[in-house]
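Here is a short briefing on one protein structure, arranged by topic so that it can be read with the sequence and the model side by side.

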Amino acid sequence: MTRYAYFVDLSICAGCEACTVACQALNRLDWDMRYTRVERMLVGTFPDVKSSFITTQCLHCDEPPCAAVCPTGATYKTAEGPVKVDDENCIGCQYCMTACPYDARSFDEAAHVVRKCSFCLDRLAAGERPACEQTCLTGARMAGDLDDPADPIHEKIAAPDVIHIAGTSFYYRLPEHIDRAALPADFKPSAATYAWQSIIQPAGQILMGSTLAAVLLSLAVSTFRSRRKEGAQHEHGQG
């Protein structure tokens, strides 16, 4: 079995955004649509100021709320861990964007679908590295298999200063002058997602079922009345 995770060493991230550009090129994104974001942080006061970079993207949650609220199943969690979107089934409702706790999804208005990082799962299956990892100039990024003891990611995430974003597939190492608060928060299921799964979505399905039943009943009644009227006219003509 394969269980993918991702490690980012922000202590050596140069902020060059090669990861962002590589992802955009691979996925043919417009310049203003980014699956991988790099943000600059300044810590301290002049003249003692230090600069660092924080990279964020879809964290591929263990129990992704985006998949839970998707009414068509277009967003789904794969057996290997990454969360993907099936463009063919996406209806562009954008519920997943509202449910995502990490603001990691983008709406493609031209295609009317929601897009996001796929973990480059297809490339991994073909024996290639994710585009963002492959182009990283400093080697700050690494995808790996947690179920493979020989995978190099184990050595990376075993370090005592590595932080796991709980409930997700992501691990980070921070520069010494940056604290935990700069990273994405640990995943916590939201009350809104619970309400959607437990109340709104079932109610909607019942309502849609009731509506369909009403339409079918109306058609049946209309057909019955039409045939009864035709029968009466036929009998009147014979009389």
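A salt bridge is a side-chain nitrogen of Lys or Arg within 4 Å of a carboxyl oxygen of Asp or Glu. By this rule the count comes to ten salt bridges in what is a predicted model.

**Salt bridges**
- R34 forms a salt bridge with E17, and their closest N and O atoms are 3.0 Å apart. R34 lies in the loop between helix 1 and strand 2 (37-45), while E17 lies in the loop between strand 1 and helix 1, so the pair ties together parts that are 17 residues apart in sequence.
- K84 and D122 also meet through their side chains, at 3.3 Å from N to O, and this pair links distant parts of the chain, with K84 in strand 5 and D122 in helix 4, 38 residues apart. K84 counts as buried at 16% relative accessibility, whereas D122 counts as exposed at 57%.
- D9, D161 and R173 are linked in a network of salt bridges.

**Nonpolar cores**
- The largest nonpolar core has 32 residues, and among those with the most contacts inside it are Y6, L10 and F119. Strand 1 (4-9) supplies the largest share of this core, three residues.
- L10 touches several residues beyond four places away in sequence, including F53, Y172 and L183.
- A second, separate core of ten residues includes C66, C70, V85 and C96.

**Largest pocket**
- The largest pocket has a volume of about 460 Å³, and of the 25 residues that line it, the closest to its centre are N27, Y35, K116, C117 and S118.
- The lining of this pocket divides into 15 nonpolar, four polar and six charged residues.

Methods:
Residues numbered from 1 in each chain as written. Predicted model: local features only at pLDDT ≥ 70, side-chain atom pairs only at ≥ 80, totals over all residues. Heavy atoms only, no water. Core = buried A, V, L, I, M, F, W, Y, C linked by side-chain atoms within 4.5 Å. Buried < 20%, exposed > 50% of the residue type's maximum accessible area, 1.4 Å probe, protein only. Helix = DSSP H or I, 4+ residues; strand = E, 2+ residues; numbered from the N terminus. Contact = heavy atoms within 4.5 Å. 1 Å grid on protein atoms, 1.4 Å probe; cavity = no way out; pocket = protein on both sides within 12 Å on 5 of 7 lines; lining within 4 Å. Points joined across faces, edges and corners; volume = space filled by probe spheres on them. Nonpolar A, V, L, I, M, F, W, Y, C, P; charged D, E, K, R; others polar.
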